[in-house]
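Have the model open as you read.

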Amino acid sequence: MAGTPLFPSSVSFRPRLMSPITRLLLFLQLITLIFTSNCRDYDPMLLREKTLFFSNKSAFKIALFADLHYGENAWTDWGPAQDVNSDRVMSTVLDQETPDFVVYLGDVITANNLPIPNASLYWDRAISPTKSRGIPWATVFGNHDDAQFEWPSEWFSATGIPEVQCPQENISISGEECTFRGTTRVELMKKEISSNRLSYSMNGPRELWPGVSNYVLQLSSSKDPDSPGVFLYFLDSGGGSYPEVISSAQAKWFQKQSQAINPDARIHEIIFWHIPSTAYKKIAPLPIFGIHKPCVGSINKERVASQEHEWGIMDILVHRPSVKYVIFAGSLCWPQPWVRLVLPL
């Protein structure tokens, strides 16, 4: 992430043990924001969202987890074993790095592999290492989080379809209701928000649905809570129950929102979403030509899996000087496990 704005360049991943190449990887990124001066005056009424605060030491560390894919191959021995690995990796990272904030950057679960009607049980497990340590977090959706259940072809062999195991909290419902229906984005977000006071996630503007995780958080100094130091934007890049895109409506929402709360573009902005833009697919190195080391990302194995279309968000970001970084999951090259951003305010 250090280097050219809009094109992050440093992150590391912690893949699940024994996972195949085709499986999306668990990414870890540690970001330390270093603030070098006081924030300017700002009207707090313009931003009616939760505010995060950095300490008197003027540093704020963010840990990112992406492509955890809890519940993948849930009916096998392999799948649950990978969830245990992810539990261990996240716990180790959180204990050793002690971040101030965590961002779950999409594909928290593999809904298309979950043969139960309540995927939020896996979602709760994914956020539990952060929650149990009292660390606040925010989530953004990926293309697997509300994907429709996909019937494995092997279930139609002689062994047949395995018995559906309903979650314990739904034990009173009838067998007919306990089926392969999945859990919607709105349901997942509502459950997370209502059950967790440390969650900074939000159901975004209704006019942007079916995209749900579209919102902005303000990061301020604890000495001056009404003055923003950085704005963190979260955009739902689709997939699963609808196309993999950041829509024109989302692009216009970002433009309107950013102009309202940061009209002179003097406050830095960092953008988070899950699926890389088509712009990144065009510039990414191709694995067939060889990748220069160090490079620990999945770009060594596969091409960038980008959004289906580009509907204007990148043009807006490129021409907005306050946007310093766009952070996403996907098949890219990351040379180190952390990045330090120095943002003069």
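## Salt bridges

A salt bridge here is a side-chain nitrogen of Lys or Arg within 4 Å of a carboxyl oxygen of Asp or Glu. This is a predicted model, where local features need pLDDT of at least 70, side-chain atom pairs count only at pLDDT 80 or more, and totals for chains, interfaces and linings use all residues. Residues are numbered from 1 along each chain as its sequence is written, and side-chain values use heavy atoms, with hydrogens and water left out.

The structure has seven salt bridges. One of them joins Arg 320 to Glu 269, with the closest N and O atoms 2.8 Å apart. Arg 320 sits in the loop between α6 (313-318) and β10 (323-327), and Glu 269 in strand β9 (residues 268-272), 51 residues apart. (Helices, H or I, of at least four residues and strands, E, of at least two are DSSP runs, numbered from the N terminus.)

Buried means under 20% relative accessible area, exposed over 50%, and partly exposed in between (1.4 Å probe, protein chains only). Arg 320 is buried at 10%, and Glu 269 is buried too, at 0%.

Arg 185 pairs with Asp 236, closest N and O atoms 2.9 Å apart.

## Around Thr 139

Thr 139 belongs to strand β6 (residues 137-139) and is buried, with a relative accessible area of 0%. What does the side chain of Thr 139 make a polar contact with? That's the side chain of Glu 192, at 3.0 Å. A polar contact is a pair of N or O atoms within 3.5 Å; within protein, one must be able to donate a hydrogen and the other to accept it, and residues adjacent in sequence count only if both atoms are side-chain atoms.
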